[in-house]
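Biologist: I am new to this structure, and I would like to understand what lies behind the terms used for it. Could we go through them one by one?

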Amino acid sequence: MRLLHSLTLQSTYEEIEKVEGLLNALQKEINFGDELFARLMLAVSEAATNAVLHGNKLDASKKVKIEVFKTNENQLIFEIKDEGSGFDPKSIPDPLEDENLLKDSGRGVFLMKEYANDIQYLEGGTKLILSFNLPSK
């Protein structure tokens, strides 16, 4: 596994916008299509938002670190780590249940699961691993 990029964000909404620049640089470097870019943009920006908002609670003194790796199996791996107290991903209500359909939050984890090929929570929920298969050339 080879480290491609690393990005450290302060825990403010404005910092989350840097994710797009990271993904643009990655797209130029690896040369993948717009469909994968859109999946990455949605999932990784959602992960960064959750880390800034829910993990670090918008405390600008706390950081979110994003590292991007490429594996020999042609996968992109994103590690998103916050400095919060963590959480249990099983405690998140299912956004597809009737009582949750109209809520204005709670869909991020569901969307990340839909767009990433694999998702794992480590270190008590303070570290998220998103895996994406790169299309074969």
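**Helices and strands**

Modeller: Helix H3 has 22 residues and reaches 29 Å from its first C-alpha to its last, close to the 32 Å expected at 1.5 Å a residue, where the expected span is 1.5 Å times one less than the number of residues. This is a predicted model, in which local features need pLDDT of at least 70 and side-chain atom pairs count only at pLDDT 80 or more, while totals for chains, interfaces and linings use all residues. Residues are numbered from 1 along each chain as its sequence is written, and side-chain values use heavy atoms, with hydrogens and water left out.

Biologist: Which residues make the contact of H2 with H3?

Modeller: From H2 come Val19, Glu20, Leu23, Asn24 and Gln27, and the H3 side includes Phe37, Leu40 and Val44, contact meaning heavy atoms within 4.5 Å.

Biologist: Why are S1 and S2 called paired strands?

Modeller: Two strands pair if DSSP finds at least two bridges between them, and 8 bridges join S1 (residues 2-10) to S2 (residues 63-70), so the antiparallel strands meet that condition. Leu7 stands opposite Ile66 in S2.

Biologist: How many bridges do S2 and S3 have?

Modeller: S2 and S3 (residues 75-81) pair in the antiparallel sense over 6 bridges, and Glu67 stands opposite Glu79 in S3.

Methods:
Helices (H or I, at least four residues) and strands (E, at least two) are DSSP runs, numbered from the N terminus.
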